[in-house]
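Please find below my comments on the structure under review.

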Amino acid sequence: MMIRTLLAFLIIALAGTAQAQSDFARQVVTSEGPSSVSVTVYRDPYRDPDEEMELAYLEGYALITEQRTVTLPAGEVDLRFEGVAGGIIPQSAIVTGLAEGVLEKNRDAALLSPSALLNGHLGRAVTIRRTKAATGAMEEFNANIRTDASGGMVMQTAEGFEALQCTGLNETLVYPKVPQGLSAKPTLSVRTIVNQPTRATVTLSYLANGFDWQANYVADVSEDGGTMNLFSWVTLANSDETSFRDAQTNAVAGQPNKEEGDINPVSGGSISLKCWPQGTTSDIDLKRFNRARDEARFLGRAMPAPMMAMDSEADNLLIVTASKVTTEQEELGDLKLYRIPVPVTVASKSQKQVAMFEKQAVPFEQFYETEIWATGAGNSGTFFTTLRFQNDKKNRLGLALPAGKMVAFKESGSTRLLLGEGNLDDKAIGEQVEVQIGTNQQLRFEIEQLGQGEGDDRKYRDFELTISNATKLAAPIELKLGHGERERLTKISSRLGRKDGKPFWKTTVPANGASTLRYRVRFR
Amino acid sequence: MRTLAFTGILLAVVSAPAIGQSSGQGDVSVTIYNNNLALVQDVRRLNIPAGRSVQSFPGVSGQIRAETVGFNAANTGIIEQNFDYDLLSPQKLMEKAVGETVTIVRINPATGAERRERAKVLAANGGVVLQIGSRIEVLRDDRLPTRVIFDKVPSNLRARPTLSVTLNSSRSGTRPAQLSYLTGGMGWKADYVALFDENAGKMDVQGWVTLTNSTGTTFSNAKTLLVAGTPSVNGRSNRGGRNNIRRAGTETANRESLGDFYLYPLAARTTIANAQTKQVSFLDVTGAPAQKTYEYSNGWLNTRNEPQSAATVLQFSSSADGGLGDALPAGTVRVYMKDASGQPQFIGENNIGHTPMGSELGLKTGEAFDVKVKPTVTERKRLNARKWRTSMTYELTNARPAAVTVSLIQNGLDFYWDDTRIVSESMASERRSSNSVVWKVPVPANGRATVTAVFETRF
């Protein structure tokens with residue numbers, strides 16, 4: 001075993017040397033963009049339905065599948081893919097369609113930036129150009145960069161050592177060329193062997209961050225309040241800098257598991273233009289900042305980059321597509337896939353809405369609910385307004401309802417009134433859906449303690465719960481009565497049901513009236 | 001054994017011809033571990049004079065762990081090793097110039113005329129105080145353009161953190177010198193692409209090693225070896241978190257190993273560029289059996305007001321017999337399924353730990369839209385001071401057009417030092433451990449099922 005291991009090492013080492021040459025005879029083929037693309041958007045797994053999508057900072061993701069046509073020469077080829085999403089999760093990239101397979105996939109993120117230019121010329125000759133403010137005359141001279149971009153720029157000139165841009169002069173660095181290996185954007189490439197020159201269609205697919213979607217429901221309640229028209233949108237958004245033109249676009253509902261630990265997005269690094277202390281009339285505590293920065297630098301950690309200024313509001317165009325197009329739903333394992341049947345453009349920094357479905361005259365009930373603590377003497381409060389409907393064919397629904405927000409309106413004469421807004425979780429066919437859309441301030445409960453005592457060796461307290469209704473309509477009420485594990489409700493003045501394992505009072509409070517419930521809580 | 005294996009590397013490396021690199025690197029081999037740790041061995045051709053000399057090493061990792069540096073060259077002895085990280089900056093330059101004389105050049109903003117003076121730096125605290133002849137001034141207090149020219153740079157101020165070794169050599173001449181060190185900033189993990197065919201009960205799996213380099217340094221044409229393991233660092237072991245192994249395997253994979261770790265050498269030398277993520281294939285299996293199951297775990301005896309989705313779990317094996325047939329290094333498994341148009345779509349991902357061959361795995365890929373469970377505590381009853389009875393009802397619903405079986409798991413049955421027993425239940429359960437019980441509940445197509453159970457808890 002020991003000898004085998006040793007041998008193995010020798011073999012690897014020798015094989016390595018023999019192939020070292022192949023590194024130099026490589027050809028680069030660049031694919032500038034896809035010929036067709038499909039985008040499947042997944043929701044932010046950690047955003048609850050009641051949270052808004054933050055358009056500037058979307059935390060869902062998308063699967064992007066691109067067809068790219070490339071002309072490949074024979075030999076070893078580096079095939080570079082340009083125009084991929086900036087939020088690409090590089091390790092998720094899959095490349096198929098290359099006859100000889102993929103030797104290796106690389107994502108290079110050494111970006112061309114002022115700091116990369118400076119670091120790339122460390123110890124090398126550059127030109128310094130000074131422009132006189134008074135005359136505009138330019139003066140150029142050679143200098144050698146003596147330190148990297150992390151702590152300011154020190155250069156060596158014929159006269160001695162100087163710090164750049166500490167002088168108050170108009171001065172800049174002029175570089176002879178771009179150092180090798182720097183690119184404008186992170187680049188994904190694959191290395192492959194091509195036996196025969198060929199024109200190939202390659203499929204590239206990858207996950208990318210910076211997308212999100214949700215369902216939006218609009219409920220228009222009928223005059224009599226018994227049915228509603230339910231209209232729904234698929235609302236999807238792309239905060240990436242890449243637009244996907246004429247993309248087959250889908251959205252996936254359900255909760256696919258998503259792990260942390262993506263490879264960090266890249267930045268080009270930053271130049272710190274710190275000079276020596278330049279305090280004049282007031283002291284600026286530069287030193288502490290510098291020390292912190294130097295320590296961070298030494299530990300190999302970048303200083304937090306300054307927050308990227310988000311694009312202006314004007315970029316966040318809301319595009320509403322013609323509502324005649326509705327998404328088609330299909331099953332995807334245990335998830336639901338919503339397909340937009342026509343190619344659409346998923347534009348950079350934009351939100352798009354496409355109709356999901358429209359259902360007429362869906363029966364529903366509106367009621368008022370709350371949960372109170374049975375022994376909470378002196379407590380009072382209001383009720384939530386809740387809409388309840390059954391998601392089945394009999395009730396004119398019966399389709400998967402992905403999580404999202406619901407806004408409810410009511411037509412009153414010629415005006416449309418907002419009843420309220422709520423949200424629902426993913427609801428399967430056959431499930432009952434309850435959406436809390438607001439609070440009714442005209443309905444109040446109040447609990448009073450009527451007395452206390454001891455009977456059968458057990459302490460008890462008597463309570464009275466009153467619900468008052470200041471509206472002109474009778475109010476259906478559903479109320480859960482929470483209580484301690486060692487407490488029991490007895491001598492209840494009305495019949496109670498049970499819901500979610502708790503005593504449950506369902507009643508109707510008359511218009512401009514009140515209802516009361518009396519009960520005894522016995523302590524066991 | 002490990003020593004011997006490393007000797008192997010050494011021998012091979014020394015016999016290979018050194019390749020000239022402008023970065024200063026020689027013949028580089030890199031051994032990368034999972035936990036952001038790599039061993040770099042760099043054989044350079046150094047011209048070492050006889051006697052005492054200082055050799056500095058450009059092109060080492062920006063995250064070098066200087067205390068782990070080893071240096072080895074024939075006929076030389078090490079006097080000392082230094083790692084200088086006092087970096088040159090304008091501020092440092094000025095601070096070190098206190099007491100020294102510098103040249104200042106004042107520029108007239110109107111005419112551009114220059115006036116040169118020699119000035120002594122008195123202090124650099126919050127502002128630079130200069131003595132010019134008999135005057136005391138603060139540098140650029142008038143905000144007018146002023147250049148400061150320093151005569152020299154202190155020799156201990158470095159452009160970058162720099163490693164240097166002071167040597168004593170018994171002869172002069174060029175010879176191979178081996179530098180080895182540990183560095184952070186390089187690590188690797190596995191990424192798996194699994195295309196699952198639910199109807200056939202099979203999946204195709206490709207495994208990729210993904211290595212990342214954030215050291216700030218490019219390693220050119222390096223021989224690369226990946227070690228699937230997380231050696232202890234600074235005496236701290238690196239035991240991972242969730243590994244999703246249901247039953248650990250007992251088969252040995254047909255791969256090279258080093259001690260207890262499997263090795264994944266890259267077939268050819270490769271350049272690991274700075275800020276690069278590199279992926280190389282190591283596994284390609286088609287048609288491995290896999291099946292989908294549903295699980296719902298209830299953490300303790302509690303009520304949920306809304307039905308909760310059951311987890312979709314993908315079960316497969318790493319065995320040579322009816323599985324992937326390999327030891328699987330830790331990483332992320334991304335699962336895809338074909339949609340109605342035949343295009344693979346992502347259906348979820350999960351992590352695995354280092355998985356021995358022959359293991360059974362269960363990966364939760366997500367939560368099922370259509371299969372839900374609603375647990376309810378219907379009653380909690382106190383029998384006496386130390387005994388409680390809890391009645392649970394679990395309502396299971398299935399909106400799928402096919403019957404499913406849900407593994408309904410009730411956890412949280414260990415109560416301090418006392419056990420929980422099931423007094424009665426509507427269907428037979430299996431006690432997985434003192435803490436956990438499972439019912440395998442069939443739920444008909446577009447239907448529902450109910451399980452009830454009464455637990456007796458003592459405490």
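1. A:Ala361 lies in strand β21 of chain A, which covers residues 350-363. The model is a predicted one, and in it the phi of A:Ala361 is near 50°, a positive value in a residue other than glycine. A:Ala361 has 12 other C-beta atoms within 10 Å, and because 12 or fewer counts as exposed, this residue is classed as exposed.

2. A positive phi is also found at B:Arg140, where the angle is about 55° although the residue is not a glycine. The position of B:Arg140 is the loop between β9 (135-138) and β10 (146-149) of chain B. Is B:Arg140 buried or exposed? B:Arg140 counts as buried, because it has 22 C-beta neighbours inside 10 Å and the cut-off for a buried residue is 20 or more.

3. Turning to the interface, 96 residues of chain A are in contact with 109 residues of chain B. On the chain B side, strand β24 (residues 360-384) supplies the largest share, namely 13 residues. Sorted by class, this side of chain B comprises 44 nonpolar, 42 polar and 23 charged residues.

Terms used
Residues are numbered from 1 along each chain as its sequence is written. Chains are lettered from A and ligands numbered from 1 in the order in which they are written. This is a predicted model: local features need pLDDT of at least 70, side-chain atom pairs count only at pLDDT 80 or more; totals for chains, interfaces and linings use all residues. Two residues are in contact if their C-beta atoms, placed from the backbone, lie within 7 Å. Helices (H or I, at least four residues) and strands (E, at least two) are DSSP runs, numbered from the N terminus. Ala, Val, Leu, Ile, Met, Phe, Trp, Tyr, Cys and Pro count as nonpolar, Asp, Glu, Lys and Arg as charged, and the others, Gly among them, as polar.
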